[in-house]
Amino acid sequence: MPVFNAESTGQNVVNTFPEPVKDRTIVITGAIGSSIGSAAALALASASPRKIILDNRNATKSQELIDFIHTSYPSAPITHVVYDLSSLSSVETAASEISKEAPSLDILINNAATPPGPYSKTIDGIESQFAIDYVSHFLLINLLMPNIIAAGPGARVVNVSSSAARHRTHLDFEDYDFSNGAKYTAFDGYTQAKLAIIVFAIALAKRIEKFQMQSFSLHPASILSSMRSQVSSDDWKTAEKKREEAGTKTEGVKKNTVEQGCSTMLVAALDPELADHSGSYLSDGVISTKTIHALDSGVDEAAEKLWKITEKLVGKEFTWS
Ligand SMILES: NC(=O)c1ccc[n+]([C@@H]2O[C@H](COP(=O)([O-])OP(=O)(O)OC[C@H]3O[C@@H](n4cnc5c(N)ncnc54)[C@H](OP(=O)(O)O)[C@@H]3O)[C@@H](O)[C@H]2O)c1
């Protein structure tokens, strides 16, 4: 039984599990520049996938990544779809494009997120961090579910969260908009969105169990990507203070490379032994044993509530057979 840890790279994981990549179709959101999504795409390209589809909002940057991957794997079948997660209609357009490109979709990796920042709302009137990191991915996943079901048993939905979720004890269903921004901090916006992703992965796992498909969430590690450099020093200070108040401050967290940072999402996507652990939250390449208080009790009820609220936000209800 292979055991991965914080030092493992995405390439280590793909080398260990080449079969679940070979001839499979894989979609990754937020794979641009020096991000962990890009490192995941490069590692996956090494194992003869049928197709990799990158979902990004910048076509030029997507093409740059494709060109870069082709320097190592010239015949890797990689395409891209342009969309903006801050617009639900853009997500719908992208989903219909992906549907055509990938009638059968084996692995969907929901990795994109916006850096924690000032309060804002998307064009659809949803708090931006919640909308971009979670709500839009909820819509994308649900719109692509017929294609994922078409891939058959073993298809997976991988949801990139963050250990930041452990700083929050629950999802506030009455006020997920932070009183129209009055109670908002960048830290609270981020922890809410990332906890929602973990709780959503549990709700999805239940719904897709009958198709023998799996859903996971994960913390990728503390990574020296561009996201960290986009967070203002004031927002870092507020986050530090809130973590101290919550008693969840961690000292001296080691920073990983993006190559290491993509390993846990690839374990979630590829490790066959995880098939019986759908809904799990992973960290450092294994199912996490670290406490997330929000998952301690009542998480099933919270997961159902979150699903219904999100359906309302996207204006659609989803059932599949
Ligand atoms: N870095 C860390 O230490 C860390 C720790 C815990 C969790 N994570 C999580 O890991 C994931 C990857 O993060 P990363 O560190 O690789 O960050 P990153 O380099 O900033 O990558 C994030 C990606 O999301 C995309 N994105 C942002 N807003 C978007 C929008 N409105 N529409 C479409 N795409 C959008 C970005 O595209 P643009 O380039 O166009 O903005 C970028 O490709 C995120 O979910 C993050 O929350 C990271």
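Let me start with the ligand, which is surrounded by 26 residues, the closest being Gly30, Ser35, Ala113, Ser225 and Met227, where a residue counts as near if its C-beta atom, placed from the backbone, lies within 6 Å of the molecule. What we have on screen is a predicted model, in which local features need pLDDT of at least 70, side-chain atom pairs count only at pLDDT 80 or more, and totals for chains, interfaces and linings use all residues. Residues are numbered from 1 along each chain as its sequence is written.

Helix 7 gives the most to the shell around the ligand, with three residues, and both helix 2 (36–45) and helix 7 (226–229) supply at least two; helices here are DSSP runs of H or I with at least four residues, strands are runs of E with at least two, and both are numbered from the N terminus.

Turning to the sheet, eight strands form an open arrangement in the order 3-2-1-4-5-6-7-8, with mixed pairing, and two strands count as paired if DSSP finds at least two bridges between them. Strand 3 (78–82) and strand 8 (286–287) stand at the edges with a single partner strand each, so one side of each is left without a neighbour in the sheet. Strand 8 pairs with strand 7 (residues 281–283) in the antiparallel sense over two bridges, and Ser283 stands opposite Val286 in strand 8.

Finally, consider Ala40, which touches Gly10, Ile28, Ala31, Ile109, Cys262, Met265 and Leu266, leaving aside residues up to four places away in sequence; contact means that the two C-beta atoms, placed from the backbone, lie within 7 Å.
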